[in-house]
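Here is a brief report on a single protein. The sequence and structure come first, then the details.

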Amino acid sequence: MSKAFDRLEWSFIHNVFKKLGFSEDWCKMVYQCISIVSYSVLVNGSPGETFLPTRGIRQGDCRSPDIFILCMEVLSQLFLKAEEEKLIQGFKFKKNSPSIYHLFFADDSMLFVKASVTYARNILNIINVFAKASGQAINFEKSGFITSGKMHHRHIKILSKTLKMKFLSSSEKYLGTPPIYRLNSSKKTNLNVAGRTFVTKHVLSSLSVYHMACFPLPKYVTSKIDSIQRTFWWSKKNPKHVAYYHSWGDIGKSKLSGGLGIRNTYVTNRVFICKLGWRLMNNPNILLTSFLKDKYFPNQNLLEIDKAADSSSWIWKGIVNGLQFIMANSVVKINNGASSHIWSSNWISGYSNTPVSFNPSTLIIYLLMNSWTIIITVGMLICYLHCSRLMK
């Protein structure tokens, strides 16, 4: 979306809130909050005459994101209606899997549709209807599309002309890897220790947070990120030929343990992946869980997965590894036992063998053997007591 917050029409916001069922008093209150605003332009450092806008919501206002998300629900419903009317066809993993045709990230949107010129035109028509009602507009220069590798280049050109967007090659990135190497870490900085600590904790270690929350990074990558943080924090002219008076492990400890609280990238990455697996376990009905279940474990429980297939995606392999850590450090509550697996579950912590079931014949032999053992034990006890009396 182009200037998404600035272009939102006030009348559209008011109508959306009314359609969502809010009372008239509430709608008027929201309208007053967004419309009672004035602006002035600084000319040579002095504010000019004030003027009143006729649309837009203020960025930085705590209410603006919520208002924008509620207004984007209109576009979501338009896509839902279009799919019901067979105007577009979303993406499915399997025939019976749920269909996905759009994902919204604030003012960025990802649309999934079958690579057809007709569907492409229908998508543009839906967006144009929404744009006329809301005041929004697409920034075609910052938009693009991508297809499967089997798509013919001529068909790609036709789609590009229809959508008025450029085709994104495999080298293009959306929310791509941030340039973590843009800061020359070997260059001496004039910041003091407190300043370098702040930059290391809240800038360098945060650049890769988005990717660490989704992808299990290889260890050599996390080690390189930690190396950049170390070199910047020490701020030495020639880091290869200097003495360090404290180990990085001591500096990275929590403040309660005497360190500065600089996070270890590898551990942080694994915590994020475990958190993703925990979210799947506790939210079995969300869209993400439904898609992963249809693709990777259609006939299994999430906690029964011990290893990801070699053909699985890198993200799923990381989630399965995270699940192994969760299972090793969690306890399952039995409740009514309906979902319990007596013979396949590991009931004793640290004991890898599962319980062994007996068939009827083996069970009888087992009981008889135990009965004779009890009889012999009782007999030996009686003999011991009798002998002790005689000795007295």
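## A nonpolar surface patch

Four residues form a nonpolar patch on the surface of this predicted model: Leu20, Phe22, Trp26 and Met29. Together they have about 380 Å² of accessible area.

Tryptophan 26 belongs to helix H3, which covers residues 24–35. Its relative accessibility is 40%. Tryptophan 26 therefore counts as partly exposed: that class lies between the under 20% of buried residues and the over 50% of exposed ones.

## Serine 143 in its loop

Serine 143 sits in a loop. Helix H5 (117–134) lies on one side of that loop and strand S5 (144–145) on the other. Is serine 143 buried or exposed? Its relative accessible area is 17%. The cut-off for buried is under 20%, so serine 143 is buried.

The side chain of serine 143 reaches a backbone oxygen at 2.7 Å, that of asparagine 139. Beyond its neighbours within four places in sequence, serine 143 is in contact with Ile138, Met165 and Lys166.

## The protein overall

The secondary structure comprises 14 helices and six strands. The protein has 392 residues, and 28% of them are buried.

Take the contacts between residues at least 6 apart in sequence. Of these, 58% join residues at least 24 apart. The protein exposes about 27,500 Å². Carbon and sulfur atoms supply 59% of that area.

Methods. Residues numbered from 1 in each chain as written. Predicted model: local features only at pLDDT ≥ 70, side-chain atom pairs only at ≥ 80, totals over all residues. Heavy atoms only, no water. Helix = DSSP H or I, 4+ residues; strand = E, 2+ residues; numbered from the N terminus. Buried < 20%, exposed > 50% of the residue type's maximum accessible area, 1.4 Å probe, protein only. Contact = heavy atoms within 4.5 Å. Areas by Shrake-Rupley, 256 points an atom, 1.4 Å probe, with all protein chains shown as cover. Patch = residues over 30% accessible without salt bridge, like charges linked within 9 Å, V, L, I, M, F, W, Y side chains within 5 Å. Salt bridge = Lys/Arg side-chain N within 4 Å of Asp/Glu carboxyl O. Polar contact = N/O pair within 3.5 Å; in protein donor to acceptor, adjacent residues only side chain to side chain.
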